[in-house]
Amino acid sequence: MDVDLIKLVNRLQDTFSNLGGELDMPQLVVVGSQSAGKSSVLENIVGRDFLPRGQGIVTRRPLILQLIHTPIPDPSASPSADTEWAQFLHIDKRFTDFNDVRREIEQETFRVAGQNKGVSKLPISLRIYSPNVLDLTLVDLPGLTKIPVGDQPSDIERQIRNLVLDYVSKSNSVILAVSPANVDLANSDALKLARSVDPQGRRTVGILTKLDLMDAGTNALDILTGRVYPLKLGFIGVVNRSQQDIITDKSMKDALEAEAEFFRNHLAYRNIAHKNGTKYLARTLNQVLMSHIRDKLPDMKARLNTLMGQAQQELNSFGDAAVFGDKNQQGALVLRLMNQFAQDFISSIEGTKVDMSTKELSGGARIYYIFNDVFGHALGSIDSTANLDNQDIRTAIRNSTGPRPSLFVPEAAFDLLVKPQIKLLEAPSLRCVELVYEELVKICHNCTSTELEHFPRLHAQLIECVSELLRERLGPTSEYAQSLIEIQAAYINTNHPTFIAGSAAAAQSATSPSPKPVPPSRPVSADPIPGGTTHGEGDDSSNEDSVVANGISMRDGRSVSANLHDRSRTVGSAITAASTSGKAKHPRHSSVLPPSSSHPHASAVPGTSPPHSTRETFLNYFFGQNGPGPLAGSSVERSHASFVLPPTGRDVSGADAPGPTGILAPRRSLEGNNAAFDMKSLGKHIEAVSSAGDNGSQLTQREEMETALIRSLIASYFSIVRQSIQDLIPKAIMHLLVNYSSKHVQNRLVATLYKPELFSELLDEDEALVAERTRVKALLDAYKEAFKTLSEVNLKTV
């Protein structure tokens, strides 16, 4: 029957309101400006005073009002039975006092919308059962306003307009545009808003209020007859209670009688009085709503079909709870989810995952980025000799020779210096292992599926199991990476082909700036040196050797020894030739050493030598111009102009020979001298020399050459080791960590979690998911029931 259509819609609306359905029910939406009389119209239709009243905006939440007609009870059967009552959807309570209904509406509005006159889209559902009403479903919306008043939000106009548009824009809604008759219709906000969503006026009912308040001599006859603003459903005029009537508590029955009397007695409206008034409005709305429901039934069925399909698909995505509880099928489900998780983990590493991201690097691509960019740049940024200064290299060379002099750069010094540099590769290598481990953990956490998300405990156990496998492999991988560095430092392979070629180039570049040494096999001229002194006779060579010994004790043993070996044959030849010559002899004590800076080195020509070249070149090269030895350096600097060359021979006439020189000389007065000459304290001597070196003492020519050579060799060998480490570390990580984990992840999952006693715990679903499945299932059942009901409705024409 047609009467059951509205009840059916109301029942569906209540059901879908609780379940969150998306089916739009046919309903009447009341729209109008603030204080246009919307609430008064609804109260007249109900016949009860139950809506909040006051100044400004009162209706701040949508009120879904369902009017349900009930038969008049038989007084003889139940004399105390209530004939009218109200029920809210949010509270399980029957209200018989409509003043309590008003207070509940106010409290519920304050609870959600607050006290600051703001609005909310959350509706209040109210059902009124009465024998004096017709079956209707109406929605009372906040009145349209333009200017915020008091503590209203500044955008109150936009909020209310958007709220109203949400309801009137639905095609299943019938718009009740309430406009006051004492205001020009062209200024009606309700009609303007209704035209924006219903341009042809097919689902708009015009309601004129305050007809009794129009100026004398004016009327709204043209509007009510549709000659001003035509609407398919027409205009209906009503007269509500005035504020004075409300204050005097005028009953609703008297108000309705006064309204009917107004239309019957008004000269302009007496002919159309039967088409105006609240009672006619209620009957018209009832017929319009039923007709609208009949028109929208095919659309509702089609919409229900779509919603049922969507709900069924969503329910299928949650899985069947009966399968989860069946112990015979739990094992197969757990095994399938394990295999799926392991395959997702492996495919993410290999880059074969179907839903791979195109916005950022993920999975195995990030591991490659670590190997190629992060680790490669970290190794490339290490300077092989940045933390080595010249003093460190010189000290290492000296320490590696001990008390013995060396002819060449000692190999032990190279080993001593290059091993700590190789250790610099350990930190970035271990960090590379950690970065790859972290990426594998991230990949593990990102391996999930819609079905696996239904079981949070199983998902967590899978992640924990794989993470434990990765943690187990982190230790061996880090140890192996560390051992690779230790292997490189354990044996310095100077026979490496690349290092041999690099060493030759380094030696050539290091020795190229140094002056060309005099070949040791070159014969020395026995002629006297022009402008110089001659050597003594007899045993002068032995005294010369003693002086050389003193000089050795005062210089760096390594440098002096090397120079002595280089020059011994030339010096010996020169001394022998000088002692056997028959030239005139000059006293040795008259030979004064010129300042080294005044005689730059000249190129040696075979058979000739510049003035003072034999003795000056020999001594400068032997002792060094700026060597680190304390006496050699100080003797040249302190006796720049007056230092007398010590005698190299013994006078046979018995003249007193000069005493020993160098550190074998008697103790000098320490007043005004450096502490380095103090023979009593070796510590003070070393500290003084070290302090002098720290303060910027210059290296000798040989030391500079050796330092540059050592640096070149370290850089060459470090480059070889760095290339080897850059190649071996990624291979070790892939073999020991990545490939091992990929190979054993599935076996580990099965061995750890595939246990019948754990199935029930692992397949324990999330409570929120269970509640959502229950809701969707209930919604699907409601859709099916509604579709069945709508299909069985017997459509009749009124």
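This is a predicted model: local features need pLDDT of at least 70, side-chain atom pairs count only at pLDDT 80 or more; totals for chains, interfaces and linings use all residues.
**Entry 1: helix pair α12 and α15**

The crossing is right-handed (left-handed if the near helix is turned anticlockwise from the far one by less than a right angle, right-handed if clockwise). Helices here are DSSP runs of H or I with at least four residues, strands are runs of E with at least two, and both are numbered from the N terminus.

Next I took the geometry. Helix α12 covers residues 364-380 and helix α15 covers residues 426-446. They pack at an angle of about 165 degrees, and their axes lie 10 Å apart. Therefore α12 is roughly antiparallel to α15. The classes are under 35 degrees for roughly parallel, over 145 for roughly antiparallel, 65 to 115 for roughly perpendicular, and oblique for the rest. Axes are lines fitted to C-alpha atoms, for helices over the stretch in contact, with angles from 0 to 180 degrees between N-to-C directions.

I then listed the contact (heavy atoms within 4.5 Å). From α12 I noted G364, R366, I367, I370, F371, V374, F375, A378 and L379. From α15 I noted P428, S429, C432, L435, V436, E439, L440, K442 and I443. The contact residues split into 13 nonpolar, two polar and three charged. Nonpolar covers Ala, Val, Leu, Ile, Met, Phe, Trp, Tyr, Cys and Pro; charged covers Asp, Glu, Lys and Arg; the others, Gly among them, are polar.

**Entry 2: strand β6**

I checked strand β6, residues 136-140. Five of its five residues are buried (under 20% relative accessible area; exposed is over 50%, partly exposed in between; 1.4 Å probe, protein chains only). L136, L138 and D140 point one way, T137 and V139 the other.

I followed its partners. Strands pair if DSSP finds at least two bridges between them. β1 (residues 27-32) runs parallel to β6 with three bridges, and L28 has L138 as its partner. β2 (residues 63-69) runs antiparallel to β6 with five bridges.

**Entry 3: T278**

I found T278 in helix α9, residues 278-318. T278 counts as buried because its relative accessibility is 4%. Leaving out residues up to four places away in sequence, T278 touches N44, I45, V238, L256 and E259.

**Entry 4: totals and ground rules**

I counted 25 helices and nine strands. Of the 798 residues, 44% are buried.

Residues are numbered from 1 along each chain as its sequence is written, and side-chain values use heavy atoms, without hydrogens and water. Local features need pLDDT of at least 70, side-chain atom pairs count only at pLDDT 80 or more, and totals for chains, interfaces and linings use all residues.
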